[in-house]
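The following exercises are to be worked with the sequence and the three-dimensional structure at hand. Each task is followed by a solution in steps.

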Amino acid sequence: MEYFPAPLTDEETEIFYDRIQDEFDRNGWGFYAVGLKATGEFIGYVGLHEISFEADFTPGIEIGWRLAADFHNRGYATEAAKAVLRLAELGGIKSLYSFTAVINKSSERVMQKIGMEKIGEFDHPKLAIDSPLLRHVLYRIKL
């Protein structure tokens, strides 16, 4: 959660989980659990999510990932994101967005590796004006 304003509370985690389940029920997609093939250990998630704020590029669907820090820079996010792109395309999704704080270079590299194009930057409307995470890069891919 290094590039998020704060860890989620237990209540916020439950709300987020319910939202993911609702997206699966409504759309047939959401955030997918990612586990190591060798052990089955849960290391995070990668998938699709309806963008939950207003901006000049919304409404839209984002492709996103969160992996435990011990599993960063090993190619897992890139591998899983490429699989999610294939699922999105098969599901008829025409374009996806991804965004992160400008200081999150690792996540931005994943966006580049999966073929996304940087289309701009924006101030995230859910963050405080003085937050070091306020400024975000914005990427898109057309499927």
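This is a predicted model: local features need pLDDT of at least 70, side-chain atom pairs count only at pLDDT 80 or more; totals for chains, interfaces and linings use all residues.

**Exercise 1. Salt bridges**

Task: State how many salt bridges the model contains, and examine the pairs Arg-26 with Glu-50, Lys-105 with Glu-108 and Glu-121 with Arg-135.

Solution. 
Step 1. The criterion is a side-chain nitrogen of Lys or Arg within 4 Å of a carboxyl oxygen of Asp or Glu. The count under this rule is six salt bridges.
Step 2. For Arg-26 and Glu-50, the N to O distance is 2.5 Å. Arg-26 is in helix 1 and Glu-50 is in strand 2, so this pair ties together parts that are 24 residues apart in sequence. Glu-50 is partly exposed, at a relative accessible area of 24%.
Step 3. For Lys-105 and Glu-108, the closest N and O atoms are 3.6 Å apart. Both residues lie in helix 3 (residues 105-113), with a spacing of three residues, or about one turn of the helix. Glu-108 counts as buried at 7% relative accessibility, whereas Lys-105 is partly exposed at 47%.
Step 4. The side chains of Glu-121 and Arg-135 meet at 3.3 Å, N to O. Because Glu-121 lies in strand 5 (residues 117-123) and Arg-135 in strand 6 (residues 135-142), the pair ties together parts that are 14 residues apart in sequence. Both are partly exposed: Glu-121 has a relative accessibility of 39%, and Arg-135 has 35%.
Step 5. Glu-121 and Arg-135 also belong to a network of salt bridges that links them with Lys-118 and Asp-123.

**Exercise 2. Aromatic pairs**

Task: Give the number of aromatic pairs, and classify the pairs Phe-24 with Tyr-32 and Phe-53 with Phe-99.

Solution. 
Step 1. A pair of aromatic rings is described by two quantities, the distance of the centres and the angle of the planes. Centres must lie within 6.5 Å, and planes over 60 degrees apart count as edge-to-face. The total under this rule is 12 aromatic pairs.
Step 2. Phe-24 and Tyr-32 are 5.2 Å apart, centre to centre, with 80° between the planes, and the pair is edge-to-face. Phe-24 is partly exposed at 25% relative accessible area, and Tyr-32 is likewise partly exposed at 26%.
Step 3. The centres of the Phe-53 and Phe-99 rings are 5.5 Å apart and their planes stand at 75°, so this pair is edge-to-face. Phe-53 lies in the loop between strand 2 and strand 3 (61-67), and Phe-99 lies in strand 4 (residues 95-101), so the pair ties together parts that are 46 residues apart in sequence. Phe-53 and Phe-99 are both buried.
Step 4. One aromatic cluster is formed by Phe-53, Phe-57, Tyr-97, Phe-99 and Phe-122.

**Exercise 3. The second largest pocket**

Task: Describe the space in the second largest pocket, and identify which element gives the largest share of its lining.

Solution. 
Step 1. The second largest pocket holds about 240 Å³ of space.
Step 2. Its lining consists of 12 residues, of which Thr-13, Phe-16, Ile-20, Tyr-45 and Arg-66 are the closest to the centre.
Step 3. Two or more lining residues come from each of helix 1 (10-27), strand 1 (31-35) and strand 2 (42-50). Helix 1 gives the largest share, four residues.
Step 4. By class, the lining has 10 nonpolar residues, one polar and one charged.

Notes. Residues are numbered from 1 along each chain as its sequence is written. Side-chain values use heavy atoms; hydrogens and water are left out. On a 1 Å grid over the protein atoms alone, a cavity is a set of points where a 1.4 Å probe fits but cannot get out, and a pocket is an open set with protein on both sides within 12 Å along at least five of seven lines; lining residues have an atom within 4 Å of a point. Grid points are joined across faces, edges and corners, and a volume is the space filled by probe spheres set on the points. Ala, Val, Leu, Ile, Met, Phe, Trp, Tyr, Cys and Pro count as nonpolar, Asp, Glu, Lys and Arg as charged, and the others, Gly among them, as polar. Buried means under 20% relative accessible area, exposed over 50%, partly exposed in between (1.4 Å probe, protein chains only). Rings of Phe, Tyr and Trp (its six-membered ring) pair if their centres lie within 6.5 Å; planes under 30 degrees apart count as stacked, over 60 as edge-to-face and the rest as tilted.
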